Amino acid sequence: MIYQKKIAYQGRPGSYSHAVVETLYPQMRPLACQTFEDAFEALDNDLVGKAVIPIDNSIAGRVADVHHLLPQYNVYITDEAFLPIRHCFMVNRDVALDNIKTVKSHVHALPQCRDFIAKHGFHTLVAADTAGAAEALAESGDQEIGVIASQLAAQIYGLDILAQDIQDAKDNTTRFLVFEKEPRLPEGFEDCLTSLVFAVKNEAASLHKALGCFAEGELNLIKLESYLSGAEFRVAQFYCEFQGHYESESVQSVLKALESYTDLIQWCGTYSQRLAR
């Protein structure tokens, strides 16, 4: 099927999400989506075979609130990926560094390159995204503005890179999740992560008791994020990740125990645990 050869990501061509798609799935045709919701819609409606969404950055923290989107779509997490963020400083063709007075980029990218910006005394402007800033610069032909974005963005929009690896933290890394319409379980039970969305009962100590199920089942809970749902904002829901295979006896036992303290348990996928490069 043709749609299985396409992959959705959020952002403009040249974004870091686009870069991770090109790195991991060079054989697939990327589909740029304006929002995370659009990427999930494309997957849910069989316009693409996969969707890639950033979820965490080692510097900026949480990137996307995917947990409130997951219950709305029939999709599963099938893999995770890590992309080292290598910020580049780019300008229009044949523009000298001395001409630049202002640097423009995403609200998270600018502080990640604080030392470089301070060294050159640039004023800063916030853009909606890094690739969008690169595209706008190329279209404007401006000779006094530079942009912080990916190397891929410079290639796509025909900009000159004047400096590479300008991020302050050399271990700056973004974690992505890969989604598909059908679950894709790892064959072995070792080195697996399982993701859940669950809503605890609106009762005293329900979260404490729910988390106790993971402790009693000796499952290593490595991620837990909360958010309020409903018009009254009184019911807490949680997105969690823990080490374990969905089909293992230990995980099934924990899920059974969780039922006593929750009103909702949604399995979001089980996938191989990768190592950040």
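A: Gladly! Keep in mind that this is a predicted model. Let's begin with the second largest pocket, which holds about 180 Å³ of space.

Q: How does one find such a space, and which residues line the second largest pocket here?

A: Rolling a probe the size of a water molecule over the atoms shows where empty space is left. In this case, the residues lining the second largest pocket include Tyr16, Ala19, Leu83, Pro84, Arg86 and Cys88. Ser150, Gln151, Leu152, Gln164 and Asp165 are also part of that lining. At least two lining residues come from each of α1, β5 (76–84) and α6 (151–157). Sorted by class, the lining has 6 nonpolar, 3 polar and 2 charged residues.

Q: And what is the volume of the largest pocket?

A: The largest pocket has about 510 Å³ of space. Its lining counts 23 residues, and Tyr16, Pro54, Val63, His106 and His108 are the closest to its centre. By class, 9 are nonpolar, 13 polar and 1 charged. Here α1 (16–24), β3 (50–57), α3 (109–112) and β11 (173–180) each give at least two residues to the lining.

Q: Now the helices: at what angle do α7 and α8 cross?

A: The axes of α7 (residues 206–216) and α8 (residues 249–258) cross at roughly 160° and come within 9 Å. Angles over 145 degrees count as roughly antiparallel, so α7 is roughly antiparallel to α8. The crossing is right-handed.

Q: Which residues meet there?

A: From α7, Ala210, Cys213 and Phe214 meet Val254, Ala257 and Leu258 of α8. This contact has 6 nonpolar, no polar and no charged residues.

Methods: Residues are numbered from 1 along each chain as its sequence is written. This is a predicted model: local features need pLDDT of at least 70, side-chain atom pairs count only at pLDDT 80 or more; totals for chains, interfaces and linings use all residues. Side-chain values use heavy atoms; hydrogens and water are left out. Axes are lines fitted to C-alpha atoms, for helices over the stretch in contact, and angles run from 0 to 180 degrees between N-to-C directions. Helices (H or I, at least four residues) and strands (E, at least two) are DSSP runs, numbered from the N terminus. Angles under 35 degrees count as roughly parallel, over 145 as roughly antiparallel, 65 to 115 as roughly perpendicular and the rest as oblique. A crossing is left-handed if the near helix is turned anticlockwise from the far one by less than a right angle, and right-handed if clockwise. Contact means heavy atoms within 4.5 Å. Ala, Val, Leu, Ile, Met, Phe, Trp, Tyr, Cys and Pro count as nonpolar, Asp, Glu, Lys and Arg as charged, and the others, Gly among them, as polar. On a 1 Å grid over the protein atoms alone, a cavity is a set of points where a 1.4 Å probe fits but cannot get out, and a pocket is an open set with protein on both sides within 12 Å along at least five of seven lines; lining residues have an atom within 4 Å of a point. Grid points are joined across faces, edges and corners, and a volume is the space filled by probe spheres set on the points.
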